[in-house]
Amino acid sequence: MTAVAPSAFHIREAVPGDAPVIRQLIQDLAEYEKAPEQAVATEQQIVDTLFGPRRRAEVVIGSEGADPVGFAVFFHNYSTWLGRPGVYLEDLFVRPAARGRGYGRRLLAHLAAIAAERGCARMEWSVLDWNSPAIGFYRALGATPMDEWTVYRLTGDALASLAAEGARTRGGA
């Protein structure tokens, strides 16, 4: 692994023209997580949801010189107990060839600075149980697992069914 001068790595906010890069980083992450068939977002969906009139999330891109080597996708959540927003990290990914250079840490530090600037009370994210390198990395930063919490998800037919029920109660059907 080649050492890279710290000044060669920089982080910037993504712009609409980055949609192809973001799409490729999403695909690279999906392949790393052994689920490439699940990454179905299109470049147009990325443009619409990340840069359209109602942005759903934000992206920062980490580059080594001119080469994008990683990214972080995040959005705000809200803690009713704290009465303050938080940052939820949806995805953090550094390409394998660029790992071990501190880029993941720098991306997380960048997000922590954004969270602090915006008055957020916390940063949260999920990690796959089998991803021991990531778990070790997060623990080394001082992050603690929320073992007493289990993530639940509705997708596909289950989401559509519940949405139809909700539409009826809202007078939509």
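Predicted model: local features only at pLDDT ≥ 70, side-chain atom pairs only at ≥ 80, totals over all residues.
Q: How do the axes of α3 and α4 lie towards each other, and what makes α3 oblique to α4?
A: The axes of α3 (residues 103–117) and α4 (residues 132–141) come within 12 Å and cross at roughly 50 degrees. That angle makes α3 oblique to α4, because roughly parallel would need an angle under 35 degrees and roughly perpendicular one of 65 to 115.

Q: Which residues of α3 and α4 meet, and what classes do they belong to?
A: On the α3 side they are Gly104, Arg105 and Leu108, and on the α4 side Phe137, Tyr138 and Leu141. By class, this contact has 4 nonpolar residues, 1 polar and 1 charged.

Q: Why is the pair of arginine 12 and aspartate 18 called a salt bridge?
A: The closest N and O atoms of arginine 12 and aspartate 18 are 2.7 Å apart. The cut-off is 4 Å, so the pair counts as a salt bridge. Side chains of opposite charge can pair when their charged atoms come close. The structure holds 5 salt bridges, and this pair is one of them.

Q: Is arginine 12 buried, partly exposed or exposed, and what of aspartate 18?
A: Arginine 12 has 31% relative accessibility, and since that falls between the limits of 20% and 50%, it counts as partly exposed. Aspartate 18 comes to 8%; buried means under 20%, so aspartate 18 counts as buried.

Q: How do you know that aspartate 28 and arginine 95 form a salt bridge, and which parts does the pair tie together?
A: Their closest N and O atoms are 2.9 Å apart, which is within the 4 Å cut-off. Aspartate 28 sits in helix α1 (residues 19–32) and arginine 95 in the loop between β4 (84–94) and α3, so the pair links parts 67 residues apart in sequence.

Q: What makes aspartate 28 buried and arginine 95 partly exposed?
A: The relative accessible area of aspartate 28 is 18%; the limit for buried is under 20%, so aspartate 28 is buried. Arginine 95, at 22%, falls between 20% and 50% and therefore counts as partly exposed.

Q: What makes glutamate 64 and arginine 101 a salt bridge, and where do the two residues lie?
A: Their side chains meet at 2.5 Å, N to O, which is within the 4 Å cut-off. Glutamate 64 lies in strand β2 (residues 58–64) and arginine 101 in the loop between β4 and α3, so this pair ties together parts that are 37 residues apart in sequence. Arginine 101 has 23% relative accessibility, so it counts as partly exposed.

Q: Why is arginine 23 called buried, and which residues is it in contact with beyond its sequence neighbours?
A: Arginine 23 has a relative accessible area of 19%; buried means under 20%, so arginine 23 is buried. It lies in helix α1. Leaving aside neighbours within four places in sequence, arginine 23 is in contact with Ala39, Ala41, Glu43 and Ile46. From arginine 23 to glutamate 43 the C-alpha distance is 6.1 Å, although they are 20 residues apart in sequence.

Q: What elements does the protein chain have, and how do they run from the N terminus?
A: The chain has 5 helices and 5 strands, in the order β-α-α-β-β-β-α-β-α-α. Of its 173 residues, 29% count as buried.

Conventions. Residues numbered from 1 in each chain as written. Heavy atoms only, no water. Axes fitted to C-alpha atoms, helices over the stretch in contact; angles between N-to-C directions. Helix = DSSP H or I, 4+ residues; strand = E, 2+ residues; numbered from the N terminus. Parallel < 35°, antiparallel > 145°, perpendicular 65-115°, else oblique. Contact = heavy atoms within 4.5 Å. Nonpolar A, V, L, I, M, F, W, Y, C, P; charged D, E, K, R; others polar. Buried < 20%, exposed > 50% of the residue type's maximum accessible area, 1.4 Å probe, protein only.
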